[in-house]
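Reader: I have a model open and some time to go through it. Can we take it topic by topic?

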Amino acid sequence: MAGRRVVITGLGVVSSIGMGASAFAEALRNGRSGFRPIQTFDTTGFPVAIAGEVPDFDATRWLQRVDSADLGRASRFAAVAARMAIEDAGTNEQILADGRCGVSVGTTDGESQLIDLLMSEWVTKGPQHLSASWVPKVSASHLAVAVARELDLHGEVATISNACAAGNYSIGHAFDLISSGEADCMVCGGADSVCRKNYAGFFKVGAITPTVVRPFDLNRQGILTGEGSGMLYLETLESAQQRGAHIYAEVLGYGLTSDANQMVVPDPSSIARCIRLAHAHAGIAPDQVDYICAHGTGTKVNDVAETAALREAFGDRLPPTSSIKSMIGHTMGAASALGAIACALSITHSFLPPTINFETPDPECVTDCIPNRAREARPDVVENHGFAFGGHNAIVILGRESWNTERLH
């Protein structure tokens, strides 16, 4: 497609299996599980109380401009991951501060833990006893604002709340701004924290697994929630080359669709259409996709729907397709952002992340899910899936920059 070429030169990761891009890559390669007993909210009454929590998180180790006490947990995740991405990219303060760099952050709930606390205080003590210090921190818009304040950014600041597809929406929005010339660089991604509200909701509908997350397995029983943030630094290929930056991957394009149908049951045909739109936008054919980072929740319905969509879009030739949610859980608004980072790392480090906990193939989910062990490979084109309640579908296509340069010439 026409427009400036956009590349990823910085990655920031706050996750239950590692902090920073290098630790995250190592954990993915080793198939590490990040699940542990929940510590950040009261789990009384739940027979299962484990999640992909970020352990021993101390934002003060990374933050330089904002006071972590002024932020909720999700905003801290976003600001820290953004700081990591900027440092990883090796860009300078002047580029960030000249007004041509913006922020785009995806989330499901914003400051969900603060909402839980406010509701608990309201019920147990009454509205007159609500903590005034919590109220200003609750708005979901504070995630992007926290990043802008921490990095002193003066371009567009946007929070996108398209639930579990929001990370990919954020990346697509940043890509558009840079490609069209409206911005020179962007910090984008997603963030969310675990919370009692979400855990209770998924438990009530029978979506919380009592054991482990088993995407695409015959005996899968549901999700475990997770938390964290994945933030990416995007800039033009020209600027990255001029400053000699390391390029993880190029953003080739993306696709968006809406099911406009059932609230919680995904539509395979709508997902397949999203895949085709992403391929068209990226200018690639289905047989050029070397790896797919699946939405892969581990629920009965979602995994079948995603596999059906893959068959509709790819035919008989399905690329290797794994789910990192088997390791980190469902991180909500951070999910597809962390998936995009996993995709970029797979290109840079030449491996495909596994689907751990896989034991028994499901005839309705026949695909190469890279079971249990990472696979050495050299993918040139990778596809990242993000789907959400309400029928939001967002797919981002990344490619090896050198591969695309050769293709274009």
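Predicted model: local features only at pLDDT ≥ 70, side-chain atom pairs only at ≥ 80, totals over all residues.

Reader: Start with H6. What span should its 14 residues have, and what do the end C-alpha atoms give?

Author: Helix H6 covers residues 166-179, and at 1.5 Å a residue it should span 20 Å. Its end C-alpha atoms are 20 Å apart, which agrees.

Reader: How many of the 14 residues of H6 are buried?

Author: The count is 12 of the 14, so H6 is largely enclosed by the rest of the structure.

Reader: Cysteines next. How many disulfides does the structure hold?

Author: The number of disulfides is 0.

Reader: Switching to rings. How many aromatic pairs does a search of the whole structure find?

Author: It finds 7 aromatic pairs. One of them joins Phe 46 and Phe 203 edge-to-face, with 5.7 Å centre to centre and 85° between the planes.

Reader: Where do Phe 46 and Phe 203 sit in the chain?

Author: Phe 46 is in the loop between strand S3 (36-37) and strand S4 (50-51), while Phe 203 belongs to helix H7 (residues 196-204). The two are 157 residues apart, and the pair links distant parts of the chain.

Reader: What about accessibility for Phe 46 and for Phe 203?

Author: Phe 46 counts as buried at 14% relative accessibility. Phe 203 is partly exposed, with a relative accessible area of 34%.

Reader: Which residues do ring pairs link into a cluster?

Author: The cluster consists of Phe 41, Phe 46, Tyr 199 and Phe 203.

Reader: Which elements supply at least two residues each to the lining of the largest cavity?

Author: Those are helix H11 (325-328), helix H12 (335-349) and strand S14 (381-388). The largest share, 3 residues, comes from H12. Lining residues include Cys 293, Lys 325, Ser 336, Asn 384 and His 385.

Reader: And the lining of the largest cavity by class?

Author: There are 5 nonpolar, 6 polar and 1 charged residues in that lining.

Reader: What volume does the largest pocket have?

Author: The largest pocket has a volume of about 480 Å³. It is lined by 29 residues, and those closest to its centre are Val 264, Thr 297, Thr 299, Asn 302 and Phe 389.

Reader: Which element gives the most to the lining of the largest pocket?

Author: H10 does, with 4 residues. Helix H10 (300-314) and S14 each supply at least two residues of this lining. By class, the pocket lining has 14 nonpolar, 12 polar and 3 charged residues.

Reader: Last topic, backbone angles. What phi does Ala 163 have?

Author: Ala 163 has a positive phi of about 50°, although it is not a glycine. Most residues other than glycine have a negative phi. Ala 163 is in the loop between strand S6 (157-160) and H6, and it is buried at a relative accessible area of 15%.

Reader: Where does Ile 370 lie?

Author: Ile 370 is in the loop between strand S12 (351-352) and strand S13 (375-376). Ile 370 is not a glycine either, and its phi is positive at about 50°. Its relative accessible area is 0%, so Ile 370 is buried.

How values were computed
Residues numbered from 1 in each chain as written. Heavy atoms only, no water. Expected span 1.5 Å × (residues − 1). Buried < 20%, exposed > 50% of the residue type's maximum accessible area, 1.4 Å probe, protein only. Disulfide = S-S within 2.5 Å. Phe/Tyr/Trp six-rings, centres within 6.5 Å; stacked < 30°, edge-to-face > 60°. 1 Å grid on protein atoms, 1.4 Å probe; cavity = no way out; pocket = protein on both sides within 12 Å on 5 of 7 lines; lining within 4 Å. Nonpolar A, V, L, I, M, F, W, Y, C, P; charged D, E, K, R; others polar. Points joined across faces, edges and corners; volume = space filled by probe spheres on them.
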